[in-house]
Amino acid sequence: MYSQKVMDHFTNPRNVGEIPDADGVGEVGNPRCGDIMKIFIKVDGDIITDVKFQTFGCAAAIATSSMATELIKGKTLDEALAITNKTVADALDGLPAIKMHCSVLAEDGLRAAIEDYKRKMGLITEDEMAKPHEHIHDCADDEAANG
Ligand code: FES
């Protein structure tokens, strides 16, 4: 059901861990399934120089988190913001349709970390921070439907 790339990033996730002196931290979660992603970024000028993540979630959530960190390292903040959950899923050679929603966790986490950085730098206000996707997906039902 999963591509080889998904299995690779699930069994050998890249950039796992935390950055104690991170410039931006994003944490997003799903209250229904309890899956949580926390992402830490270091920024130099406009470039994301380092990134680490911790994801407590399903295989698709971990694989997409891992791939998302690979995609944004060395990118500018704007380039990173242009990355969507579909970009990440495509880079993994796709996800089963029933697991596409899991990839939103990585996109939202990434955005939250960048916005946290911008807020700390005084580049945006609390009010200007984007709301996470309205993607309170029903993981429990998905998992059940998935067997
Ligand atoms: Fe909740 Fe995958 S993110 S089941």
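Throughout these views, buried means under 20% relative accessible area, exposed over 50%, and partly exposed in between, with a 1.4 Å probe and protein chains only. The model is predicted, so that local features need pLDDT of at least 70 and side-chain atom pairs count only at pLDDT 80 or more, while totals for chains, interfaces and linings use all residues. Residues are numbered from 1 along each chain as its sequence is written, and side-chain values use heavy atoms, with hydrogens and water left out.

**View 1. Lysine 42 and its salt bridges to aspartate 21 and aspartate 23.** A salt bridge is a side-chain nitrogen of Lys or Arg within 4 Å of a carboxyl oxygen of Asp or Glu. Lysine 42, partly exposed at 22% relative accessible area, pairs with aspartate 21 at 3.4 Å between the closest N and O atoms. Because lysine 42 lies in strand β2 (residues 36-44) and aspartate 21 in the loop between α1 (4-11) and β1 (24-29), this pair ties together parts that are 21 residues apart in sequence. Strands (E, at least two residues) and helices (H or I, at least four) are DSSP runs, numbered from the N terminus. A salt bridge also joins lysine 42 to aspartate 23, at 3.9 Å from N to O.

**View 2. Aspartate 116 and lysine 120 in helix α5.** These residues form a salt bridge whose closest N and O atoms are 3.0 Å apart. They are four residues apart in the helix, and therefore separated by about one helical turn. Aspartate 116 is buried at 8% relative accessibility, whereas lysine 120 is partly exposed at 48%.
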